[in-house]
Each structure stands twice: as structure tokens, then as C-alpha cells.
Amino acid sequence: MNVGATILSALKRFERMACGVAFLVMAAPLMADVARRLIVGSGILGAPQVAVVGMIAVAMFGIGVAADEGAHLRPRFLDGVFPKRWKPTIETIAHALTALFFAGLALIAFAVVDETRRLEDVNSVLRWPLWPVQAIIFLAFLLNAVRYAIYAVSPELRPIEEADRVPEALEEARA
Amino acid sequence: MAVEIALLITLIGVLMLLRQPVLVALGAAALFSYMVWNDGEAKYVVYDIWEAVNQEILLAIPLFILAAAIMSRGTIAKRLIDLAVEITRPVPGGLAIATVVSCAFFAAISGSATVTLLAVGSVMHKALTENGYSTEFSIGALCAGGVLGIIIPPSIPLILYGVMTDTSITDLFKAGLGPAAVMVGILAVFAMATNFSRRGDWTLSPASWIAALRRVSRASWRAVFALSVPVVMLGGIYQGVFTATEAAAVAVALALIVELVVHREMRPSEVWTVTMETAKLLGSLFPVLMFAVSLNILLTFEQAPQQIVALMETMIDNKWQFLIAANVLMLVVGMVIDIGSAVLILSPLLLPIARSYGIDPTHFGIIMIVNLGIGYLTPPMGLNLIVAMAAFREDFWTVCRGVLPFIVLMLAALAIVVLFPQITLFMVS
């Protein structure tokens, strides 16, 4: 396995694990909160805020899970503008551009996280510092910059877009 | 200003030409807008992304999607669809009507137009096309039926409207039922009329009726626990036992219990698969939402919506003029902006004007959601069109042709909802 594939495999494992844990962090406190309120009459202080942290992690690491499965929404009506033989080049440019986009966002997000850390902003209910949660946004953007950079240089590692999967499988079967 | 707007449009066009996902096109548009119109401060894009995701009310969204994914993976969706198929089997065009009714059943669980489309579509698209219904009709019916997901409670856009305008979410959930019934009726009549040649599976003999009744009662029994999920969830909300977010958490717990313990047709290991499917869906939808909200925060900061509303006020003399103008505005906005962002921007701006003309806030909320829901079906940005294109592997024009008659039907339903407030308010205290 080459370096790119190893990195992508590690990213996939990490992001899926993070999403799984984040779902637990999101759902469990809310369920416990409802159960406690139904049984005891009062909920758990801060449970929704903890759940929001889980939701942010799911949403951000989910970007990688969606990218890995070729599931990001993409308007395809302009795909036919360029000749078919240009497709590999266009796709390389596309992935490089997406990598640049995420890298740019990661840089901006890093500056924001650093600013929040220096200002010592905290969650109003839990009194937790905000910057570790905001760092999830930075990390997710960074990981996707790496992912798309690998896609740009290694065409064989690119995921097949969800919309293309069935037609391509059918074409292969017919061939 | 005109040069900047032209540059922005060109940027989005070039990105789409270069096969960029919607999230990149929207994110780049947000970055460009913040750089040009917000003193070159791109970091506020990230601050606004943070504001967009750091909201408790949004918790209902992933949880309802997770609950719907569990129910789609297991057999709850299938059982509800089977029940709808059995009930409508004797009617001409029964399978088409079953599609609409299944969407209505599933809408009571999912709260999302896209999830309803996917859950019902995964079963019914194949069934419809295999039974000779045209691809265009099948896709159109599923896309339009999917919109019921945001009108029949629990509805995520209704929750957002309630939060933004301080309107009772319970009242909004009650109010959604009447208009949803109107839409189901219109879609079902159209489905029957256009497929009348596909005769129902019945004869006049008593044996045929007894057999049909047996099938319906068997399907009802199989669906009894599946139906219990929306009953407990919505009952809990209506009785004030749960908030919408808590109901979503309860829905996840109930769905897991029903699928793993009662039906036992889902393995515990599949919970992980379902969770990852949900993460994938959220990973593709949330960033779009984040950047859309980010852009809208800037638009709001620059007072663009207020300028539009101020312009409307100078041209409006009475309630009906306002309703027509508001509906046209919402239809146009719904075509280009996602429903969540549109609700967040427009509801606090339009409601005060609506109130001044004596329009009930709950009624106006339903008008807004039905109206913006039509945006799910309108090219080029209609989310149900994009999802249907991907899920059913059809080209964009086939999908567009399929939804066209349904857009007309939805507009007719919207007109009825606007003209007859009683349909919306009959259950509201």
C-alpha cells in the first residue's frame, strides 16, 4: 500500500471512530436527560450543551465520511461542457481546488481557534473553554485538505461519486 | 457593486464547471462576500460557521435523521409502506397512491423532505417502475411526497420558524396536519387520475373483499409497532411531555428498541452502519447549511432582506397584496436558498408585516413552510431534485420533467392553504 492509501485509510478509521463516539456524546445525554426528567422530575444540567458538542463533531468529521464515500452534493449539469477526454485532468484540477479550499479554511479556522483561546471564551452553561470544541472545525478542514490533496495526486485513490456507482457497475457488467 | 456581483456569479459558475461540490461553491461565495463586503475579514466566515452549528435546536436534525435511518434500515419503513400498499391496492393507480400515503406515514417520523424521499423512494421507486409506472411520474411523486416530510410534524423547518418568531412549536405541529391532508388528497387524486388505467386488484366477489381485509389486517398488525413510534413521539410533543429535540432523542431510542428487540430484523452490528450512513448524510448536508447560514448572516448584517421588505411595504396596500407578494418572494427565495436559511432570514422580517395585516402567526408559518417546500422541487437548486438524481440514477432533465406537474399541484395546495386559514388553524387553540 502506498503512502497516500495508508494516510487515507488512517483518516477514514479516525473520522468514522470520531463520528461514532460523537453520536454517543450527542444522543446519550439527551436520552438520559429525558429519562431522568420523566422519572425524577428534573433533567440533567448541561446535557443539551454536551449533546451540541457531539453534534458539531458529527457534522465536521462527517464531511470526511461523506468525501470518502463520494457523497458530497454536486451539481452535475455542467459536466458535459468539457470533452470527455479532458475528464481526468479536470478531476485532478477539481480535487486540487477542493484541497486548496479546505486548506484556506483550515488556516482561517486556526486563527479563530487561537483567538478564542487567547480571549478565554467559555460555554455559558458548562463553563468549558470553547477553543477545544472549535478546534474540531479546524481539524476537520485540515484533514479534508490532506484528503483532497491525495485525491489530486493519486487518481486511483479517488472515491467513485455515489451518483456514478450504479451506471459504472452496469457498464462493467455489460463489458 | 455590480462588478462585485458579476464576479461572484462568475466565481460560482467557474467552480461548478470545475466539478466542485455545493459546499465549496457556497463556501467560496461566503468567503468572497466577506472579503468584499465585510472589510476583508474572512475569519468571520468561521465565526458564523460556529454560530450556525452551535445551536441546541439543531440537535433535533441529526437525531431525527438517525431515527429515520434506523427505521429505514430495519423494517419500520417497509411495514408502513406495506400497510399503505394494502390499503390502496383495490383503488386504480393504487401503487401511486400508496407512494403518497407512505410518504405521509414516513413524514410523521422523519421531519425531513430528503429523508422521506430517500426512505420511501428506496422501496417504492423500484416497485413503481417495475409495475409499469413511468420513471418521470415515479420520481415526481416521490419528490413531491417527500415535501410532506417538512409539513407533517415533526418538521425541522417548523421548529426553526417557531424559534425565530416565538410561535408555539406545538401549535405549529398541530397546524401542519390540515394542510398536509390537503396535499395528500391532491397528490392522491392526481396519482389516481393519471394512472386510472392501472385497475385495482379487486372484484365484486365477497371472497375477494375478505381476502383484501385479511391482507390489510395482517399488514396493520405488522405495522403496529412501527406506527407506535410517531404516535409516542407526536403524542409526547402535543401533550407537552417532550420538546422537539427530546422527542428526536426518544424517537432514536424507540426506533432502536422496536428494530432490535421487537421486530428483531436488525442486527446490533447494523447500528454502526446506520450511524455511519447518518454521519455521511450529515457530513454532506451540514456544511452546506453552515455556509448558507454564514452567507445569510452577512446578508442580514448588510440588511439586504430588510431592504427587500421595505421595498415591499412601499408597494403594498392590503392583506391580499401582501400575501401575493410574500408568496412570490418566498417562492423565488425557496428556489435558490435552502429552506432552513430562508426560514431563519425571512420569518422574523415578514411576520411583523403579516401580523399588521391580521394574519395569524401560526397560519403564516405554515404558508411559509409549504411555500418554501416547493423550492425542494424547483430547478436548478431544488434539493429533492439533486437527491433524486443521485439516488435513482436519473439525469437532471428526467427528474425536472417528472416534478413539473407536481409543482403545479403543490402551488394549488398552497393557494388553498393561503385562502382558507381554517384548514391550518382548526386544531390550534
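Helices are DSSP runs of H or I with at least four residues, numbered from the N terminus. In the predicted model, helix α3 of chain A covers residues 87-119. This helix has 33 residues, and the span from its first C-alpha to its last is 47 Å. At 1.5 Å a residue, 48 Å is expected, and the computed span is close to that value. The residue that follows α3(A) is A:Glu120, which has a positive phi, near 55 degrees.

B:Thr278 belongs to helix α15, which comprises residues 268-301. The relative accessible area of B:Thr278 is 1%; because buried means under 20%, B:Thr278 counts as buried. A polar atom of the B:Thr278 side chain is placed 2.8 Å from the backbone oxygen of B:Val274. When neighbours within four places in sequence are left aside, the contacts of B:Thr278 include one residue of chain A, A:Phe23. In chain B, B:Thr278 is in contact with B:Pro62, B:Ile65, B:Leu66 and B:Ala69.

B:Glu86 lies in helix α5 of chain B, residues 76-88. Its relative accessibility is 14%, and B:Glu86 is therefore buried. With residues up to four places away in sequence not counted, B:Glu86 touches B:Arg215, B:Val216 and B:Ala219. Between B:Glu86 and B:Gly140 there are 54 residues of separation in sequence, and the distance from C-alpha to C-alpha is 22 Å.

Note on methods:
Residues are numbered from 1 along each chain as its sequence is written. Chains are lettered from A and ligands numbered from 1 in the order in which they are written. This is a predicted model: local features need pLDDT of at least 70, side-chain atom pairs count only at pLDDT 80 or more; totals for chains, interfaces and linings use all residues. Side-chain values use heavy atoms; hydrogens and water are left out. Helices (H or I, at least four residues) and strands (E, at least two) are DSSP runs, numbered from the N terminus. Buried means under 20% relative accessible area, exposed over 50%, partly exposed in between (1.4 Å probe, protein chains only). A polar contact is a pair of N or O atoms within 3.5 Å; within protein, one must be able to donate a hydrogen and the other to accept it, and residues adjacent in sequence count only if both atoms are side-chain atoms. Contact means heavy atoms within 4.5 Å. The expected span of a helix is 1.5 Å times one less than its number of residues.
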